[in-house]
Amino acid sequence: MNLTAENIKPYTVTFTNASLSDDIIAAYIPAVSDLIQNYVGSVAEEWTETVPAGVNLAAAHLIKHLVEQGDHDEAMSSESTGNSSRSLSNIGTSGFPKSVEAMLNPYRRIEVFG
């Protein structure tokens, strides 16, 4: 998979609370590339020259999530009202934010061995 800072950067302009420089994006690309490949399966091997726009968008959001997460878990939020409280998580079953999973699901190829 050929993720590049040049292809991911345009998707970061809408981020209001995170500024992702080319250096930050480049530093995260190897890890994010591996994470996305593991999630979508072997289809990622076909993206040697051009990565689909939806995958670049998902990569931008995943990098933003990882940068903002830092040393603490930004994924949990809680709400308390009187004697009642609840916790909500925006993290999906893969460990990615649910929004990133939703962006990657159309590309996902589940391998079945048997």
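## Why the labels fit

Student: What makes glutamate 68 "partly exposed"?
Tutor: Glutamate 68 has a relative accessible area of 28%. The label goes to anything between the cut-offs: buried is under 20% and exposed is over 50%, using a 1.4 Å probe and protein chains only. With 28%, glutamate 68 therefore falls in between. Bear in mind that this is a predicted model: local features need pLDDT of at least 70, side-chain atom pairs count only at pLDDT 80 or more, and totals for chains, interfaces and linings use all residues. Residues are numbered from 1 along each chain as its sequence is written, and side-chain values use heavy atoms, with hydrogens and water left out.

Student: Why is the pair lysine 64 and glutamate 68 called a salt bridge?
Tutor: The closest N and O atoms of that pair are 3.5 Å apart. A salt bridge needs a side-chain nitrogen of Lys or Arg within 4 Å of a carboxyl oxygen of Asp or Glu, so the pair qualifies. The two residues sit four residues apart in helix H3, which means about one helical turn separates them.

Student: Is lysine 64 buried or exposed?
Tutor: Lysine 64 is buried, since its relative accessibility is 17%.

Student: How many salt bridges does a search of the whole structure find?
Tutor: The search turns up two. One of them joins arginine 109 to glutamate 46, with closest N and O atoms 3.1 Å apart. That pair links distant parts of the chain, 63 residues apart: arginine 109 is in the segment after helix H4 (98-104), while glutamate 46 is in the loop between helix H2 (22-40) and helix H3 (53-69). Arginine 109 has a relative accessible area of 36%, so partly exposed is its label.

Student: What counts as a helix or a strand?
Tutor: Both are DSSP runs, numbered from the N terminus: helices are H or I with at least four residues, strands are E with at least two. By that rule the protein chain has four helices and two strands, in the order α-α-α-β-β-α.

Student: How do you know that the span of H3 agrees with what it should be?
Tutor: The expected span is 1.5 Å times one less than the number of residues. For the 17 residues of H3 that should give 24 Å, and its end C-alpha atoms are 24 Å apart, so the two agree.

Student: Which residues is valine 55 in contact with, leaving aside neighbours within four places in sequence?
Tutor: Contact means heavy atoms within 4.5 Å. For valine 55 the list is Met1, Leu3, Ile36, Trp47, Leu104 and Tyr107.

Student: What is a nonpolar core?
Tutor: It's a set of buried Ala, Val, Leu, Ile, Met, Phe, Trp, Tyr and Cys residues joined through side-chain atoms within 4.5 Å. The largest one here has 25 residues, and those with the most contacts inside it are Leu3, Ile8, Ile36, Val40 and Leu104. H1, H2, H3 and H4 each supply at least two of its residues. Isoleucine 8, not counting residues up to four places away in sequence, touches Leu3, Ile25, Ile29, Asn56, Ala59, Ala60 and Ile63.

Student: Where does threonine 12 lie?
Tutor: In the loop between helix H1 (5-8) and H2. Threonine 12 still counts as buried, because its relative accessibility is 7%. A polar atom of its side chain is 2.7 Å from the backbone oxygen of lysine 9.

Student: Why does tyrosine 11 count as partly exposed?
Tutor: Tyrosine 11 comes out at 27% relative accessibility, so it sits between the cut-offs. Tyrosine 11 is also in the loop between H1 and H2. Its C-alpha is 5.7 Å from that of leucine 57, although 46 residues separate them in sequence.

Student: What makes threonine 48 exposed?
Tutor: A relative accessible area of 55%, which is over the 50% mark. Threonine 48 is in the loop between H2 and H3.

Definitions and conventions. A polar contact is a pair of N or O atoms within 3.5 Å; within protein, one must be able to donate a hydrogen and the other to accept it, and residues adjacent in sequence count only if both atoms are side-chain atoms.
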